[in-house]
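Q: I have a new model open and would like to learn how to read it. Could you walk me through it, one feature at a time?

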Amino acid sequence: MIELLALVAVVAVCGLVFGALFLAFAAVKVAFKIVLLPLKLLVFPLLAIVFLVKVGVIVALVVAGIAVVAAVIIPLLLLAMVVAVPVAVIGALT
C-alpha cells in the first residue's frame, strides 16, 4: 500500500512539473508573440510589395509568351492561306 501511495505521489509531482513547464512555455510563446508583433507589422507591407511584383512579373511573362506564340502562328497561317487559296481555286475550276 505504501508503494501505491508513493506511485501516486510521484505521478502528482510529475504532473506538477509538466504543468509548470507547459505554463512556462506558454508564457514564453506569448512573450515572443508580443515582442515580435511590431516586427511582423513592419514586414507585412514589404511582403505585399514582393507579392505584387512577383504577380506582375508572372503576368508579363505570360503575355510575352502569348505574343511569341502569336508571332509564330500568324505567319504560318498566312503562308498556309497563300498556298491553299490557289489550290482551292484551281480545284473549283476543274
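This is a predicted model: local features need pLDDT of at least 70, side-chain atom pairs count only at pLDDT 80 or more; totals for chains, interfaces and linings use all residues.

Q: How do I read the overall form, and what radius of gyration does the protein chain have?
A: The idea is to set the value beside that of a compact globule. For 94 residues such a globule would come near 12 Å, but the protein chain has 37 Å. Along the principal axes, its C-alpha atoms fill a box of roughly 115 × 40 × 15 Å.

Q: What span does helix α1 have between its end C-alpha atoms?
A: Start from the straight case: 92 residues at 1.5 Å a residue would span 136 Å. Helix α1 spans only 116 Å between its end C-alpha atoms.

Q: Where does α1 bend?
A: Look at Leu36, where α1 bends by about 40 degrees. A proline, Pro38, follows within four residues.

Q: How about distances along the chain: how far apart in space are Val43 and Ala9?
A: Compare sequence separation with C-alpha distance. Val43 and Ala9 are 34 residues apart in sequence and 50 Å apart in space. For Ile66 and Ala80, the separation is 14 residues and the distance 21 Å.

Q: Now for the surface. What share of the residues is buried?
A: Buried residues make up 0% of the 94 in the protein chain. The chain exposes about 8300 Å², and carbon and sulfur atoms supply 91% of that area.

Q: Are Val35, Ile66 and Val43 exposed or partly exposed?
A: The cut-off to know is that exposed means over 50% relative accessible area. Val35 counts as exposed because its relative accessibility is 57%, and Ile66 is exposed as well, at 56%. Val43 has 34%, so it is partly exposed.

Q: Which residues make the nonpolar surface patch?
A: Val35 and Val43 are among them, together with others including Phe32, Leu36, Leu39 and Phe44. The patch has an area of about 1100 Å², and Leu36 is also where α1 bends.

Note on methods: Residues are numbered from 1 along each chain as its sequence is written. Side-chain values use heavy atoms; hydrogens and water are left out. Helices (H or I, at least four residues) and strands (E, at least two) are DSSP runs, numbered from the N terminus. The expected span of a helix is 1.5 Å times one less than its number of residues. The bend at a residue is the angle between axes fitted to the seven residues ending there and the seven starting there. Patches are made of residues with over 30% relative accessible area and no salt bridge: like charges are joined within 9 Å, nonpolar side chains (Val, Leu, Ile, Met, Phe, Trp, Tyr) within 5 Å. Accessible areas come from the Shrake-Rupley method with a 1.4 Å probe; for residues, only the protein chains shown count as cover. A salt bridge is a side-chain nitrogen of Lys or Arg within 4 Å of a carboxyl oxygen of Asp or Glu. Buried means under 20% relative accessible area, exposed over 50%, partly exposed in between (1.4 Å probe, protein chains only). The radius of gyration is taken over C-alpha atoms; the globule rule is 2.2 Å times the number of residues to the power 0.38.
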